[in-house]
Amino acid sequence: MTAYYNGFPQSDKDEKIDMINLDELEERAKEVMPEGAYYYIASGSENEWTWRNNTTAFNHFQIVPRALTNMDNPQLDTEFMGMKLKTPVMISPIACHGIAHKDAEVATQKGAAAAGALFASSTYGNKSVEDIAAAAPDAPRFFQLYLSKDWKFNQMVFDAIKQAGYKGIFLTVDALVSGFREANLRTQFAFPVPLDFFTRYQGAKGEGQTVAEMYASSAQKIGPEDVRRIKEMSGLPVFVKGVVCAEDAYLAMGCGADGIYVTNHGGREVDSGPATIDMLPEIAQAVNHRVPIIFDSGVRRGSHVFKALALGADIVGVGRPYLYGLALGGPKGVQSVIEQLNTELLIDMQLTGCKTVEDIKHAKIAHINYTADNLKSNTDPSRIKPYPVTAENQMKDDDSDAVSGASHS
Ligand SMILES: Cc1cc2nc3c(=O)[nH]c(=O)nc-3n(C[C@H](O)[C@H](O)[C@H](O)COP(=O)(O)O)c2cc1C
């Protein structure tokens with residue numbers, strides 16, 4: 001079934017998604033989303049070089065399997081900023097979940113809560129923070145802040161999120177203007193569903209804005225003094241979201257940031273910037289456990305989560321895949337995406353002798369440069385040719401000894 005907001009189709013599903021891996025969802029989402037909305041999510045900036053490399057650069061690091069570990073039954077629970085989480089996988093903040101599902105962030109919050117994952121909701125959310133909180137009152141949640149030029153708007157936001165029980169703020173500093181996202185220009189994308197905080201503050205003017213217009217109402221100039229002011233006005237812990245080098249980690253800690261969020265916005269801002277996983281080791285070294293580190297951008301596999309944790313992250317965010325999950329399965333679709341990453345991560349934990357998330361942080365990682373190492377597997381449906389049908393390779397219904405063969409097609 002499909003719901004409509006002013007003619008814009010929104011999923012109203014709530015069902016688990018059958019999948020082999022997260023990559024599949026990117027293609028399947030096209031079947032349920034209009035083109036402009038799909039490309040708003042899927043795209044990066046300019047040539048999308050950074051977007052591609054965010055994922056492929058995980059291959060620069062290798063998980064070293066360990067022997068004779070005498071360990072079984074690994075566990076994913078972890079604690080973060082005093083919150084008990086069932087997984088180190090976090091739902092990264094994404095604007096306007098109403099492009100994927102009629103219940104927008106309320107549906108995402110339900111899925112995240114069912115999986116015991118930390119949910120971060122965006123300043124550009126469709127649903128109110130009160131409704132999001134009411135969807136799962138005891139679930140852990142953080143708020144992502146696009147700082148406004150207007151401090152009265154900021155104060156309104158701080159009051160609302162505190163009241164709604166949000167545990168802290170991710171201050172986004174890497175999107176002072178929108179990256180040059182050509183797909184949005186081609187499809188002339190504008191947010192089809194109103195964003196709650198803007199409607200609350202500006203009334204009807206909050207509707208139907210383009211991405212560039214939204215960014216224009218946010219601060220283009222953010223400095224250390226703003227971090228101090230946000231901390232003071234909100235009384236909440238503040239992470240700086242958008243750190244990709246050691247210098248900025250020092251700067252953020254110097255002005256009292258409570259945590260560092262390593263991300264390049266999923267390759268949607270500076271194209272040709274480095275993949276975040278390549279920068280994580282130098283940032284982790286600079287931070288040296290003084291404050292927690294969150295990592296995201298390009299995470300599509302349990303092994304990516306493993307590597308980010310092993311290289312210095314405390315929790316690891318996933319972005320686009322869960323929005324595809326939301327479109328394809330609603331709350332349970334979001335849950336399926338987290339569980340898929342959990343399933344893959346648990347295999348790597350078992351095979352490296354890591355009983356806990358804390359153990360992963362001490363796992364052995366190799367750093368060997370391979371070339372031509374970025375292909376999908378040979379058995380991936382996007383690469384395989386039709387299987388040959390020969391006289392010898394067919395299963396026979398009446399031959400109980402036959403154990404393998406090709407499918408007729
Ligand atoms: C469609 C879309 C909208 C986003 N909206 C926001 C946002 O409102 N605030 C923010 O801080 N980051 C936003 N991000 C960035 C994500 O928080 C996250 O850093 C990124 O998606 C991670 O990369 P991945 O999608 O490759 O996992 C957005 C990303 C996407 C794909």
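Around the ligand stand 23 residues, of which Ala95, Ser122, Thr172, Gly266 and Gly319 come nearest, where a residue counts as near if its C-beta atom, placed from the backbone, lies within 6 Å of the molecule. By class, this shell holds eight nonpolar, 11 polar and four charged residues, with Ala, Val, Leu, Ile, Met, Phe, Trp, Tyr, Cys and Pro counted as nonpolar, Asp, Glu, Lys and Arg as charged, and the others, Gly among them, as polar.

This is a predicted model, in which local features need pLDDT of at least 70 and side-chain atom pairs count only at pLDDT 80 or more, while totals for chains, interfaces and linings use all residues. Residues are numbered from 1 along each chain as its sequence is written.

Strand E8 (residues 141-145) is largely enclosed by the rest of the structure, because five of its five residues are buried, that is, they have 20 or more other C-beta atoms within 10 Å of their own. Arg141, Phe143 and Leu145 cover one side and Phe142 and Gln144 the other, all of them buried. Strands (E, at least two residues) and helices (H or I, at least four) are DSSP runs, numbered from the N terminus, and two strands pair if DSSP finds at least two bridges between them.

| Strand paired with E8 | Bridges | Sense |
|---|---|---|
| E7 (residues 119-122) | four bridges | parallel |
| E9 (residues 169-172) | three bridges | parallel |

From E7 the chain crosses through helix H5 (residues 129-135) to E8 in a right-handed β-α-β crossover, meaning that, with the strands pointing away from the viewer, the path from the first strand over the helix to the second runs clockwise. From E8 it crosses through helix H6 (residues 151-163) to E9, and this β-α-β crossover is right-handed.

Conventions. A residue is buried if 20 or more other C-beta atoms lie within 10 Å of its own, exposed if 12 or fewer, and partly exposed in between; C-beta atoms are placed from the backbone.
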